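I opened the notebook today to go through one structure, with pockets, nonpolar cores and aromatic rings as my topics.

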Amino acid sequence: MSCILHIETSTEVCSVAVSEDGQCIYHKEDFEGPSHAVTLGVYVDEAMSFADSHAIPLDAVAVSCGPGSYTGLRIGVSMAKGICYGQDLKLISVPTLKTMCVPILLSKELPEDALLCPMIDARRMEVYAAVYNRALKEVRGTQADIVDENSYLEFLEKHPVYFFGNGAAKCQEKITHPNAHFIPDIHPLAKWMFPLAERSFLNDQFEDVAYFEPYYLKEFVASKPKNLLANGE
């Protein structure tokens, strides 16, 4: 039995959700941002009030760990850590790009050999991207890619590849291989974090609240040029 509060602030969208035993029971999103500094606290209060009014005690807080906006991730992680400290809860980190795959897997019928390539915009023709198979096994890890006509050919020559996220639309003119498919309107949202967070909870995969930082702020960014920072932040 688990009840998890989910926080997602890696892009311009601010979202919060609550899941119980692997099912999303509450969610709220703001697509008019970025206004995380103003919106997130209100949304978290409402989500926690919902759980309290249904007599559902929280067991953990799950937060998006990047990549994404420096400011957004910093606000989300700070909020998550504060709640964990204040209520003595476990902290779970969920990769942003993997979260974006969840609605695709839940709603689309994909070929057995399909690959998923979530993309987060990093300005110009740059994106943060990773490649996963249908089991969400990492085929290629997160990288900061400069997209051109030859991008992802090693995957496109062998598999149908589905591109989505706020970095994908601008790549359609460059990625024209017949195996390339683009899915619109996919965002990393808190309501899609629950399958990944629940798996971590069941496997006792928790973060150290005192030392945890988003993936964006650690080794990933340290190895990338400064001009590849998401959203220019």
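These are my entries on what I looked up.

Entry 1, ground rules. I am working from a predicted model, in which local features need pLDDT of at least 70 and side-chain atom pairs count only at pLDDT 80 or more, while totals for chains, interfaces and linings use all residues. I number residues from 1 along each chain as its sequence is written, and side-chain values use heavy atoms, with hydrogens and water left out.

I took a pocket as an open set of points on a 1 Å grid over the protein atoms alone, where a 1.4 Å probe fits, with protein on both sides within 12 Å along at least five of seven lines; lining residues have an atom within 4 Å of a point. The largest pocket has a volume of about 190 Å³, a volume being the space filled by probe spheres set on the points. I listed its lining as I92, S93, V94, P95, K98, L196, R199, S200, Q205 and E207. The elements that each give two or more residues to this lining are β5 (90–94) and α5 (194–202), with strands (E, at least two residues) and helices (H or I, at least four) taken as DSSP runs numbered from the N terminus.

I counted as a nonpolar core a set of buried Ala, Val, Leu, Ile, Met, Phe, Trp, Tyr and Cys residues joined through side-chain atoms within 4.5 Å, where buried means under 20% relative accessible area, exposed over 50%, and partly exposed in between (1.4 Å probe, protein chains only). The largest core has 29 residues, of which I4, A62, I92, V94, I104, L116 and F164 touch the most other members. Helix α3 (96–107) is among the elements that supply at least two residues of this core, and α3 gives the most, with five residues. Apart from this core lies another, of 27 residues, including I7, Y26, Y43 and V77.

Entry 4, the rings. I found four aromatic pairs, with rings of Phe, Tyr and Trp (its six-membered ring) pairing if their centres lie within 6.5 Å, and planes under 30 degrees apart counted as stacked, over 60 as edge-to-face and the rest as tilted. F163 and F182 are stacked, because their ring centres are 5.2 Å apart and their planes stand at 25 degrees. F163 is buried at 0% relative accessibility, whereas F182 is partly exposed at 22%. I also noted that Y152, F163 and F182 form one aromatic cluster.
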